[in-house]
Amino acid sequence: MKRKSFLSLLLIFIALLGVALGLGVSLHFQRTETARDAKAPPQRFPRPQLPRTYAEPVTAYPGPRGTTHEYIDTAVLLGALALAAYLVLKRRSRRGLFVLMLFTLAYFGFYRGGCVCPIGAIQHVVSALFHAGYLIPVTVLLFFVLPLIFALFVGRVFCSSVCPIGTAQDLVLIRPMQVPSWLEHGLGLFAYVYLGLAVLFAATGAGYVICMYDPFVAFFRLSGTMNMLVLGASFLLIAMFIGRPYCRYLCPYGVLLRLLSKVSLSHATITPDECVQCRLCEDACPFGAIRKPTEDTGHVPRGAGKVRLGLLILALPVIIALGVLLGHTSSRALAGMHPTVRQAWAVRRDEAMKETSDEEQDPSALALLRTGKTPEQLYAIEASVLRQFEVGSSVLGAWVGLVIGVKLIALSVRRKRTDHEADPGQCVACGRCFAYCPREHLRLKELRGELPGAEGGQTT
Amino acid sequence: MAEEKDKMTRRDFIKAGACGAACFALGAGLGSLGERGAKQDMVWQIDPGKCIQCGNCETHCVLKPSAVKCVHAFGVCGYCERCFGFFAAKPAEYTSGAENELCPAAALTRKHVKGQYHEYTVDEEKCIACGRCVKGCRVQGNSSLFLQVRHDRCLNCSQCSIAEACPSHAFVRVPASTPYIRPKIKPSDAQPRDKAS
């Protein structure tokens, strides 16, 4: 298609323009790093005079592993994404995707231990945006951006067969069950909430929740705390019957990919050329991404739907306001995730306890003593973190309200559809539906040159 | 060029516009963050000033045994005969032997140097990062033993699971060019010991 190639060139140009602008802005606002402080303990016993023959052992301080491996990872990611795009769009081969899945699961999952992954990289990016002292490695940044760029051009090929978390779930799916549409839409909202929470916690410095509750990292490393292993096992168990539960209902990166994939230049299609309305693919998708043609509703009055849509659009600000209210009230509870706030609470509890009983000192209070800070200084930091959380939780609430409101509006807008189509946002390009389409079989036969009248389909 | 094949509908136009905007935003983000990120990586490390030797380093690392190890700064060590990091509280004898030692993994070894002075070395292969010796040395000694993340072992997880469990928030991200935090010790006023202990 000529238009498509023109558009892709234009898009690349626009992206490069963005890079140039971002670089310029960033060079303009150079930031500085903050210093650390630690209270020095005394040296109680001076060093003795030791014989001259005595050779003091040298303590080795091995440096961090080189970054070459991370660059190799980035190259592998780029290669896998390109290969996945080729397999989904050009080759249309589920078998090829399956092999790629096995490879990425083995490489990114078991060999590299599932770290660093684009899902967790969201938090690195947020950290880099909000904390001046935080330096984001280029490889992590590329891990974050590359799948998004691919999603803009070819849809969610990253989910399809590059993400080790997705492939782990995809490969264990043996008995897919369809999830009712209302439940699918409802559960899908959790991912947006999770993304909001992850951004809030990373921005305030409370920690990286996505990594804390990553269900498969313990499984990839075959070690980890009991909670992590149990979480991973239960996700895998569910994934045997309900396709990719993490990707559909929780994955915060999937939210970004979904949004970008909706406007993508091209994406996986069920049929190689045209839909013949045979309905064979209707139940092919285990992830509920196939949209059926809309029934002819020419004779149904449209008034009721219009009124509902109008009401929902009017209700959107109200839902957002409710979200803000809810977020604001839960800000203290959310702030409990922040280590400094927790420490301040523990120290306060400790101080209150000191008057009544002389139990062992809380570790947090002891730690504060070691750093040489006074409780008042700690409380001042706590107060500023709490203020951050008040603003952050309100924004989170607004985000959740917006997501719910927009979802309701989207559900009440009916789009006319004549063919069976894969929903570009929902489709993870696993390639299962290809084989269900009779047109696909025709195409394959043509390629093999088995059709009479097909002129030399030997294009490998 | 757009009109050659098939007409671009309004929906297509909006879609392409959104796609372009997203492309631009991604590019801008990459450019602005990439410039700063190009310089350095960040790694996890324990600030010995904050560490209270709670024992979580032994149990919470995703690696078994933990990537945290006890490190000995020989320059600070007093070469004490009765090392508080080596001997258990009130041992039967002040000699090497499992029943007298504090370390549960026998990772700390004692070697006689001269007179009453002894050298203590950590065997990293055996060390389990329980922090018992560090605590002993910290509370009653020179703090020459301290816990550090060993970067030849550490996987540098995005969210270190020990950092999550650390009650004193001693786990910090440091630039990869200075990956260790050595304890700052107030030098003693006393002269180097020769005989007196």
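Below are some questions and answers on this predicted model.

Q: How many residues of chain B are in contact with chain A?
A: Contact here needs heavy atoms within 4.5 Å. On the chain A side, 89 residues take part. On the chain B side, the number is 95 residues.

Q: What area do chain B and chain A bury between them?
A: The size of an interface is often given as the accessible area lost when the parts come together. For chain B and chain A, 63% of that buried area lies on carbon and sulfur atoms. The area itself is about 8300 Å².

Q: Which element of chain B supplies the largest share of the side that touches chain A?
A: Several elements of chain B each supply at least two residues to this side, including strand S1 (42-46), helix H3 (132-140) and helix H1 (10-37). The largest share is 21 residues, and they come from H1(B).

Q: Is A:Val179 buried or exposed?
A: A:Val179 sits in the loop between helix H7 (164-172) and helix H8 (181-204) of chain A. Among the residues it touches are A:Ile242 and A:Tyr249. The cut-off for buried is under 20% relative accessible area. A:Val179 has 16% relative accessibility, so it counts as buried.

Notes
Residues numbered from 1 in each chain as written. Chains lettered and ligands numbered in written order. Predicted model: local features only at pLDDT ≥ 70, side-chain atom pairs only at ≥ 80, totals over all residues. Heavy atoms only, no water. Buried area = accessible area lost by both parts, 1.4 Å probe. Helix = DSSP H or I, 4+ residues; strand = E, 2+ residues; numbered from the N terminus. Buried < 20%, exposed > 50% of the residue type's maximum accessible area, 1.4 Å probe, protein only. Lists of a residue's contacts leave out its neighbours within four places in sequence.
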